[in-house]
Amino acid sequence: MSGYRIATIPGDGIGVDVTAEAVAVLDAALPGLEWTEFDWSCENYLRTGAMMPLDGAERLARFDAILLGAVGFPGVADHVSLWGLLIPLRRAFGQYVNLRPVRLLPGTQSALRDRTAADLDILIVRENSEGEYSRIGGIHNEGRPDEFVLQESVFTRTGCERIIRYAFERAAERSGQLCSATKSNGIIHSMPYWDSVFERIAAEYPQVATRQMHVDALAAELVLHPDRLDVIVGSNLFGDILSDLAAAVTGGLGLAPSGNINPDRIAPSMFEAVHGSAPDIAGQGIANPVAQILAGAMLLDHLGEAAAAAAVDRAVCDVLATGETLTPDLGGTATTADLGAAIAARAAELARQPAGSDPR
């Protein structure tokens, strides 16, 4: 029995549907997880005027990890939902790393012609606590002809150094290649500063080959030559945009997980699918749960349960590879529950096998 305490926030729309399947899969791979669900969502906001209680972060602090569903609902502006739940939790728990692995899974097809899994296996490391996502600024002279808006970005030495160093560590573990997203030809202060920090830290990792690319050129590279990329590090905004593009290239947002990581492990980390709440298909039983299930695999791996995480990951790959149980977005007719159950059954089978045995 694991004894880990995991908080779930299913959120809105299909977040509720896919989180239920992810919980079932994780239970199959690692029995004994202790789950506590929190009904914090846009619907909660409409009822109470708040996405979560004032002591929400304090309540979650006692858990080992958090599994978050998608958030968003008609009638609640996106900036209200995100700044009322997701972003405050990221900052309250020091989750300064947003980790987004994107790869082409078995049985799925890239939007790019003739690309294989060997070409599409990228890790995006996104700064998650400052940068362009700042509250500093405001609307001035509102309603007048000279109305204007100021939106400030924040790039601290600590924030830049720690995320870039984290990316170098991940690159050193993988292929030894790291690309930094910048825009120093147009953004005159923050991006040259980011570049200077990247260059300084690069000197500490001579074994890692580095590139610095303007973000627009890097976006094109993701489409034209994704095989040339392995680990990408970017600011909050650039990492956000590039990771969604990479997910689309590798098969769609329904397959892309992410983790909001506190590398120092002094507070819980939080794991979620990249996709949104898709209220138009919520409750219909057709949402693809793979991204949320893979987010669960990341959660297990973060807790140090590498075998269970590998069982979940392998189960996803095995089920998708057969092509027998696919949701409509993947070209099949299976329901959310059908695909979740198939992955859970395979994960349980893999988890029961002795360590070191052939998992096939």
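## The enclosed space

A cavity is a set of points, on a 1 Å grid over the protein atoms alone, where a 1.4 Å probe fits but cannot get out. This structure holds one cavity of 30 Å³ or more, and the volume of the largest cavity is about 30 Å³, a volume being the space filled by probe spheres set on the points, which are joined across faces, edges and corners.

This is a predicted model, in which local features need pLDDT of at least 70 and side-chain atom pairs count only at pLDDT 80 or more, while totals for chains, interfaces and linings use all residues. Residues are numbered from 1 along each chain as its sequence is written, and side-chain values use heavy atoms, with hydrogens and water left out.

## What lines the cavity

Lining residues have an atom within 4 Å of a point; here they include Glu127, Phe155, Trp194 and Asn236. Four are nonpolar, three polar and two charged, with Gly counted as polar and Cys as nonpolar. Helix 5 (residues 157-173) gives the most to the lining, with three residues; helices are DSSP runs of H or I with at least four residues, and strands are E runs of at least two, numbered from the N terminus.

Strand 4 (residues 97-103) is largely enclosed by the rest of the structure, because five of its seven residues are buried (under 20% relative accessible area, 1.4 Å probe, protein chains only).

Strands pair if DSSP finds at least two bridges between them. Strand 4 runs antiparallel to strand 5 (residues 121-127), joined by seven bridges, and valine 97 has glutamate 127 as its bridge partner there. Three bridges pair strand 4 with strand 11 (residues 257-261), also antiparallel, and asparagine 98 is partnered by asparagine 260.

Conventions: 1 Å grid on protein atoms, 1.4 Å probe; cavity = no way out; pocket = protein on both sides within 12 Å on 5 of 7 lines; lining within 4 Å. Buried < 20%, exposed > 50% of the residue type's maximum accessible area, 1.4 Å probe, protein only.
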